[in-house]
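The structure comes before the details.

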Amino acid sequence: MGSNVAIICCIITLLFCLCCDAEEVKLRVKASKAIAKTDEDFICATLDWWPETKCNYNQCPWGKSGILNLDLNNKILANAIKAFRPLRIRIGGSLQDQVVYDVGTFVRKCPHFKRLDDGLFGFSKGCLPMERWDQINKFFDEMGARMTFGLNALVGRRKGGRGGDDGLMVGEWNPRNAYDLINYTASKGYKIDSYELGNELCGSGVAARVEAWQYARDIVALKKLVAEFYPNPATRPKVLGPAGFYDKEWFDTFLDKSGPNVVDGVTHHIYNLGAGVDPTLIKKVQDPSFLDQIAETYRGVAASIEVHGPWAGAWVGEAGGAYNSGGRYVSHSFVDGFWYLDQLGMTATFNHKVFCRQSLIGGNYGLLNTHTFIPNPDYYGALLWHRLMGTSVLSASHTSSSYLRAYSHCSKNTALQFF
């Protein structure tokens, strides 16, 4: 490289082979150009709606970590978020499409979440009171956090599959309640970074699904709604979707039907480690061949966007590693960092802009302990990444085995410059 190129690189290397003999390793970083770009706020964490009664595998690991009952006055929580300045936080999750907002005339009652055997994910509908919404926004403002808020996308729909058993929901999305919430939010001057429509409704869905063409029409409606209340494009919240698992045909159709410059971020979810109860979880997070498999999903999402939606960026909108609240003995421990940091590095190389960890607090995979709020090991991995790794992703390779993982970025406050 000539002296007319100014580059400062920060390299994070993860070593999985904990018992290997010492060997000489040649690491090569190609710093002549960036292979991908991330957002400045690549690191993101989630807050979920789960009540205390959310249980999996004979344990109830959520406590009072749900967005409706989280202690926003906890100083450890405040300091953990302020350390990022800013931390991007996504409010959403499985119960998102059962939440109504207690504002305007659409909602007559403001119910609490209750266990309900035939309800989505085993719960009844819940409600967000505006008093709590005020508290949340005040908290985010004081913490300097950036909010992505997930809207209920099932309002107005009905079951439409054969016998109503396959989860298909049909009909137009009714935006009335979302309209009232966004109107209230904008009138208060609350800063929302982005609105996301629905949770895990794409492809075959999880508990419910919506056809791609219908979802495309609905997200166009959301885009118009957001533009109405935020006329200045410079301060207008982004519109995100579909917030679910990648299905090539569904994603391609969604992007084609919604059209140019409607969706700003294409969000997809990652739970590549399988069920939290899996006894082999600790082996999976240390198995490079297993960890490599998810690259096909990242590659697929990036390709779908390149062909069908080049105006949008790819986001991992939710990633907890293991689903159903994570692994009780793995997801909050040091060993989980082998999965987490590897996913951050891999995702960035596939031109993803944001990676949202499930969760900031709650479940077994929280960055913070559910009860004490004390940071778990992955919190420090997230904080180090946020402070050190810049937006320019560089190509990194080495001569050792696949147990050694190497990723390279330009440092946080240094641009890749050519003169």
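What follows describes the salt bridges, with a table of selected pairs.

The model is predicted, so local features need pLDDT of at least 70 and side-chain atom pairs count only at pLDDT 80 or more, while totals for chains, interfaces and linings use all residues. Residues are numbered from 1 along each chain as its sequence is written, and side-chain values use heavy atoms, with hydrogens and water left out.

A salt bridge is a side-chain nitrogen of Lys or Arg within 4 Å of a carboxyl oxygen of Asp or Glu. By this rule there are 22 salt bridges. Three of them are listed here.

| Pair | Closest N to O distance |
|---|---|
| Asp193 and Arg88 | 2.6 Å |
| Arg90 and Glu318 | 2.6 Å |

Helices (H or I, at least four residues) and strands (E, at least two) are DSSP runs, numbered from the N terminus. Asp193 forms its salt bridge with Arg88 from the loop between α3 (176-187) and β12 (194-197), whereas Arg88 is in strand β6 (residues 88-91), 105 residues apart. Arg88 is buried at 1%.

Arg90 pairs with Glu318. Arg90 lies in strand β6 and Glu318 in strand β16 (residues 313-319), so this pair ties together parts that are 228 residues apart in sequence. Both Arg90 and Glu318 are buried.

Glu142 and Lys138 lie in helix α2 (residues 130-143), four residues apart, about one turn of the helix. Glu142 is partly exposed at 40%, and Lys138 is exposed at 52%.

Salt bridges with shared partners also join Asp39, Arg88, Asp193 and Lys238 into one network.

How values were computed:
Buried means under 20% relative accessible area, exposed over 50%, partly exposed in between (1.4 Å probe, protein chains only).
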